[in-house]
Amino acid sequence: MTDPYHQHRFGMALQIREAWAGLHRAKLALYESSEKAISAKAALDKKRSELLASGTIQGKNAETRDAQLAQECWPEMAALEVAEAEKRKAAHEADQAGLVVSEIQWLIRNDEATAALVRERIL
């Protein structure tokens, strides 16, 4: 049977591996959602440019033109809003995963420091 110290160390090693894997997954999801948001923004900008260039959007003042753009581009605007919300969620989850990694690293450093103090008193 393994002694409790080694069981504890093994458990901490498993926790840190799982935490790093979670952080990796979260960062990948953040990257993917960021790319979706960039693509959605590009699609909206392209649609706006096409509408302005074709003369579809006309009006005497900016408010009128903006209202027409909003009406014509609502699907692209909605897609951008969804993509940006997904990106914010992914960023939050990546931050949370990073905090888990940091906490486990702190616990390991604390265990090592405690073990060093115990060894000094014993020796």
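Start with helix 1, which has 51 residues. In this predicted model, helix 1 reaches 74 Å from its first C-alpha to its last. That is close to the 75 Å expected at 1.5 Å a residue.

Step just past the end of helix 1 and select Gly 55. Check its backbone: Gly 55 takes a positive phi of about 80°.

Next, the largest nonpolar core. Select Met 12, Ile 16, Ala 19, Leu 23, Ala 26, Leu 30, Ala 90, Ala 94, Ala 97, Val 101 and Ile 104. These eleven residues make up the core. Helix 1 (4-54) and helix 3 (74-122) are the elements that give two or more residues to it. Helix 1 supplies the largest share, six residues. In soluble globular proteins, nonpolar side chains tend to be buried together.

Zoom in on Leu 23. Which residues does Leu 23 contact, leaving aside neighbours within four places in sequence? Show Ala 94, Ala 97, Gly 98 and Val 101.

Last stop: Glu 76, in helix 3. Is Glu 76 buried or exposed? Its relative accessible area is 18%, under the 20% cut-off, so Glu 76 counts as buried. Now display what surrounds it. Beyond neighbours within four places in sequence, Glu 76 is in contact with Ala 43, Leu 44 and Lys 47.

Note on methods: Residues numbered from 1 in each chain as written. Predicted model: local features only at pLDDT ≥ 70, side-chain atom pairs only at ≥ 80, totals over all residues. Heavy atoms only, no water. Core = buried A, V, L, I, M, F, W, Y, C linked by side-chain atoms within 4.5 Å. Buried < 20%, exposed > 50% of the residue type's maximum accessible area, 1.4 Å probe, protein only. Helix = DSSP H or I, 4+ residues; strand = E, 2+ residues; numbered from the N terminus. Contact = heavy atoms within 4.5 Å. Expected span 1.5 Å × (residues − 1).
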